[in-house]
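Me: I have a new model open and I'd like to go through it slowly with you. Could you keep the answers in plain sentences?

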Amino acid sequence: MSARRRQGTLRRALGLTSARIALAIILLIVVLAIFGGVLAPQNPLTQNTNAVLQGPSGAHWLGTDYLGRDVLSRLMAGTGRSVVGALEAVGIGLLLGVLPGLASLWLGRTYEWISLRIVDAFMTLPYVVFAVAVTGFFGNSLTAAMTAVGVLIAPLYFRITRAAALGLTRTQYVEAAELFGSSRLRVLRTHLWSKILPTLAVTTAQALAAALLIVSSLAFLGLGVEPPLPTWGELLSSDLDYLAQQPWAPLFPGLLIMLVAGALNAFADAIRDTGAAQDVDAEIADAEAAPESDEPSSVGGIAPVAEPVLRVEGLRVTVNRGRTEAVHGVSFEVGRGEIVGLVGESGSGKTLTCRAVTGLLAPGCERSSGTVELLGEDETASVDLATLDRAGWNKIRGQRIGIVFQDPASYLNPSIQVGKQAVEAIRVHSALSRSAAKRRAIELFASVGLREPETVYRQYPHELSGGMAQRVLIAIAISGDPDLLIADEATSALDVLVQAEVLDLLRGLVRDRGLALLLVTHDLAVVAELCDRVLVCDRGRIVEQGPATSVVTAPTQPQTRRLLDAARVWQPGFDDVETELVGADS
Amino acid sequence: MNALVGSLRAIVRLVSVPITVFLIATFGTYALGALGESNPAATVLGQDATASSIAQLNHEFGLDKPFLVQYFDWLGHALSGNLGVSYFTSIPVATSIGQAFPVDLSLAILALTIAVVLGGGAGIIAALRQGGWFDRAVSAVCAGLATVPPFLVGITLIVLFAVTFRLLPSGGYVPFTQNPGQWLRFALLPSLALSAEGAAAIARQLRTSLVGALQDNYVLGAAARGLSVRRTLFRHVLRNAAGPALTVLGVQIPLLIGGAVVAEKMFALPGVAQLALQAGEERDVPVIQGALLVTIVVVLVSNIVVNAVLFRITPQARRGTRSTRRRATTVKPVVPVGGVAA
Amino acid sequence: MDTRLSRRGVLGIAAGIGAGSALTLAGCGASSSDSADASAAGGVGGTLKWGWDLPTSWDPIKSSAGWDVHVLSLVYAGLTQEDPAGNAIPALASAWQYNTAGTEVTFTLRSGLKFSDGTALDATAVAKSLNRSRTDSGSLVASQLTTVSSVTAQGTDTVVLKLSTPNFQIPTLLAGKTGMIVSPTAFEANATGLSLKPVGAGPFQLTAYTENASATLVRFPGFWNAAQIKIANFDLYPLPDASTVVAGLESGQYNVASIPGSEVSAAKEAGLTVQVIDSLVVAVLDVNDAIAPFDDDNVVLALKYAVDRNALLQTAQFGYGEVAYQPFPSGYVGYNESIGSPYATNVAKAKSLLAASKYGANPTVAITTYAAAGVPEQLQSQLQAVGFNATIKVIPEAQFTELVYIQHSEQLSVDGFAGRDSAVQAFQVLFGAQGLLNPGRHAYPELQAQLTQVNETPLDSAKYPGLLQQATATAVAQAPNVFLYTEPRILARASGVSALPEDLIVQRFEGVTIS
């Protein structure tokens, strides 16, 4: 995959329209740079003091300058020197930056330290003062000014080369190559060069654009201009002296510079963006386009439940901005005090269903049809979740529906203490004062089995173990005394012992508070352990549902059997299975 | 104890760079001055330069001593606060810089405020409405601002506000301490011009960081807990995602304070950069040295401040966070074009 | 014909809108009393805001720029000053008297004069100030006072200057920066502070100064000629770019400003009045006739005929000024009418002169300059047209003095000459054997003899003009310096500012009113 990606970056970049336009502009400039003098309609040096500062006319399409010279010809003829100037600067930067950058990784710590400090030093110098100093001491030529700019660009190349190479030298294949005795140079040549090249290309394009702009700044200050030979910067500089007579004159060289700089940046962006990781949302990528059908896909229809809390009917979810349907009409209910397991392989649509129910679908995914209702004790507490906007959802989530996820610590703000985040959630949904909320939070932490709730309060998410973090999240999820708790792969990232404890906790909560619990998981063992009912998902449909014990012991569908295999619950001999299940902790 | 040693080490590392720069830069100026074919005494005398008057003035300036002696003399005086006297105006360098620095400082503060408000606001809105027309417009404007020859922004502002509509003056300055209202009239256009590039850089960086951060799990977690978008954004996401944008902001500070040469020239502002430019052209060494000193101190202080703030808002910075479902974004290296503000 | 709405002169549009009405005292700037009350205190009132330049130093002996004299003349006065034509007239001194040999001159001071710090401006003070100018180790005007061997005070109102050689030029010499009288109390207490806080006895006194930003002055009632000063407040600003100066005038940021020739039509379109005032500043090419190719007289002559001075004037100043073949502008006592236009452009003649020279038809010449755009480019083209192989050599401004004046290594340099208060000193700088604008270090014995004669002739003698003009003619005929054109002061003023005096040497403000 990565090799293919490397080769195709340039070609793929050119697939973008913006890159093609940018490249066309750059090529045009290159042509002008080489042939500009020849292509120019008139001699850029011919003066005519009887016709100074004239506006555009038939003879002079862009008018004349302060010595009566044709502006268009000067612009065209000036391309070469302007481009060469920028190339000079960037070339010097490259030379002074790339080699020392690479060297800094291999020539030992002293060299590294010294070169890093020198680079830092140059990066803090204000570039204009530096350029003034250089041109002041070495003469006001384009070369002197560009050398100054080049020296100041070098640190950038140094840093980037070093960063790119640093990342690569630590990869395994390079280390392996070195282990096998390849010399450093060889390693560099074979492995690193092709990897660094795209980064260098991007940086060079950007640096060229930057150099062009810096030239214009310097020209404004009178540096690096060598009349009478035209460069864009010099044209800009003299235009500003005669702004009263020709207010639009700076536009031409200015726009030209902008155009080239813009093209270079756009080209650089294109290379960088296509070369970057092409992450695709796993759900979207895995959603296979199963043939759509209008039949309700819940086998056996909705099993009616006493005191339903959640009712889902005919839920359809599309992904990829509506192009693919991934959930094809799912229906089920979850009742008060009931633990329902929604089980399936990854890509089966269970997570999408769960997200649709909680209103947390990723961008590009949409509930295309079907209803989702949250039911309360009486009709007034019932809510059609499909009609909610963000503000509406904020009253439901955290209050009437609690949600916990896999990898719990990542769902909390890493830079705030967990206790404070619990307090925040509590105060958003209630009128408690800060101190009352803090007490409640600590109570909640205690009630989920955290032995030192005050200590945990003050900790940061990354300081907690997986199990503790999940308990914290569960505590927060139930803080609003919800009717429904949804656990999306809540124990999948925990090790077996901790998993058992958390499942215990969940069971206890359901029993003590009369919660409805929807447990989404791929692990049938968890389901077998905890759930009252099971819904088996496959390719966007519920293919089997029923009481946990019967589904687990006597699956009717091949998909269910596969899941059982995966959970290694399936053993030859049904009796053993029952023993397993019954023997589980309660 | 370890923390103390660690922070001492950090301070030393932080300070060592600017001090090294300072020594190298100031020594370099003296060396180049000695090597280059300039003769400040003669330039000062101009068309009154005779051999004897040049010799006398050279002696006044201390230029008849070997340049190493000159350099260490200067260094010694500088460390005790005496920055010498300009060759061309006979005004003590400390006085000149003391008058010029507040100009840059006040403008930089205003420009930074504008950049943060405009750039930060645009970046946040663009990230929230990712893919929408506002997002695309912001990207286009930022890209455009990055390619505009910098002083064109300033000239446009002058032509619009000072000439066509005559709302604001095109140049000049009144110190804030003298008359805040007048100061604002003079400071507004240059600050706008200075802030343009910074605003674009901040908007771009913040948008990128936010777009990445908004896909982090804890944003989902916050939604799951029923927190509003505004609360999530301002209390949680910005704290964590502002790091790179803050770094960009930090880079702007020395550019604004120490080096806004183009803006100062265009708007006739009596700041340090303009002082340095003039001194550079005239080879007025004491003034150049003084300006370099100020610039480097400013960079040092702003680095410390930015690093401190960064540290404060992301205690996880050193540990890093695990997060799943994170879309990889590549952060663009900030190419210091340094346009108007450079 | 351009209408108000035309594109041209966009910086000068809105001519119809408010032109003249609210421009002058609009509330920009830091000036204090913007009182438009012209009837206050005998016609004194208003604020003049001058966009000109700020001085390098407010101490006249430390000022390193010649044009500081205009600004320094606001706060300092000398024993004499110049009349509009450049002749010496009384100022702080009411009269002076030379001895017959011309080696001693006695000045009689007006009585009751004071400095702006209240201390007495008497003979002792004058003597101390002049001696400081002569002898202070950092004095940049000392070289102009070398003929003065002593300055002594006699009584309270007599000052005697003794000279080492006969020199009747002293009255004009002391009219400028060289003769400015500084309060001894001030420089004895804090000499370095003078650079920021001047203490003199000029028409105004400084009340606030921010380096590179602005200077605020008020009328000094103790000025000997205070009755002629009708301006109450004077604000001084540095000049921004040519592109924004007219806008600044229109918006009221300044009410008088120096503008370049390129902005004159824009200023007029904006309703401003433009005055073109002759000055001593002249553009000149320094020719080094000690090195090739200019050591051949034919080549020098070819150069003089090749240059199209009028074309250069058009480019550099949009035609404002005059073509010059001599160092002084017409109207000045040293200007010699009979010289005429000795080197009117003649390409054919130039070519034939080159052909006759020992360097052939295509000698190589480098035009040395620190600002290559404009005149040097045009000059290069003009020289190339007659066969010179001309290139432009750009050197940093800070090296100009060193390379051109001290090392005299450059063949041809684009330069300017701002004149001298003393005509003889002007000649020495331009043509003297040690003159800086005489890089070939040629001595002209005939000229020197004539100059000695001038030195020994009283300024008010009937023979003086003739003798001076004779020297001018000699110099123009023999020296290789190529004078190009004069550079007048071009001042644009808003309505409400009365006409400004058109003094040749120093811009003065006597009689100017603001309404």
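Me: Which residue follows α3(A)?

Reply: The residue after α3(A) is A:G108, and its phi is positive, near 100°. Helices here are DSSP runs of H or I with at least four residues, strands are runs of E with at least two, and both are numbered from the N terminus. Please keep in mind that this is a predicted model, in which local features need pLDDT of at least 70 and side-chain atom pairs count only at pLDDT 80 or more, while totals for chains, interfaces and linings use all residues. Residues are numbered from 1 along each chain as its sequence is written, and chains are lettered from A and ligands numbered from 1 in the order in which they are written.

Me: OK, and how far does helix α3 of chain A reach?

Reply: This helix covers residues 71-106 of chain A, which is 36 residues, and from its first C-alpha to its last it reaches 52 Å, close to the expected 52 Å. That expectation is 1.5 Å times one less than the number of residues.

Me: Where does α3(A) bend?

Reply: The bend is at A:G78 and amounts to about 40°, taken as the angle between axes fitted to the seven residues ending there and the seven starting there.

Me: What is the mean pLDDT of chain A?

Reply: The mean is 79, and 81% of the residues of chain A reach 70 or more, where pLDDT is the predictor's confidence in each residue, from 0 to 100. Over residues 277-298 of chain A, however, the pLDDT is below 50, and this stretch has 38 contacts in the model beyond near neighbours in sequence. Over residues 573-586 of chain A the pLDDT is also below 50, with 12 contacts of that kind. Two residues are in contact if their C-beta atoms, placed from the backbone, lie within 7 Å. Where pLDDT is low, the predicted coordinates should not be read in detail.

Me: Switching to chain B, how many helices and strands are there?

Reply: Chain B has 13 helices and 0 strands, and buried residues make up 52% of its 342 residues. Its mean pLDDT is 78, with 86% of the residues at 70 or more.

Me: How many residues of chain B are in contact with chain C?

Reply: There are 42 residues of chain B in contact with 42 residues of chain C. On the side of chain B that touches chain C, at least two residues each come from α2 (40-45), α3 (51-61), α5 (93-128), α7 (150-164) and α12 (272-282). The residues of that side divide into 16 nonpolar, 19 polar and 7 charged; Ala, Val, Leu, Ile, Met, Phe, Trp, Tyr, Cys and Pro count as nonpolar, Asp, Glu, Lys and Arg as charged, and the others, Gly among them, as polar.

Me: And chain C itself, how many helices and strands?

Reply: Chain C has 14 helices and 18 strands. Its radius of gyration is 24 Å, close to the 24 Å that the globule rule gives for 515 residues, so chain C is as compact as a globular protein of that length. The radius is taken over C-alpha atoms, and the rule is 2.2 Å times the number of residues to the power 0.38.

Me: Is C:R132 buried or exposed?

Reply: C:R132 counts as buried, because it has 21 C-beta neighbours inside 10 Å. C:R132 lies in helix α2 (residues 123-135) of chain C and touches C:I61 and C:F187, not counting residues up to four places away in sequence.

Me: Last one, which residues does the cis peptide bond join?

Reply: The cis bond joins C:A292 and C:P293, with omega about -10°, and C:P293 lies in the loop between β13 (282-287) and α7 (297-306) of chain C.

Terms used. A residue is buried if 20 or more other C-beta atoms lie within 10 Å of its own, exposed if 12 or fewer, and partly exposed in between; C-beta atoms are placed from the backbone.
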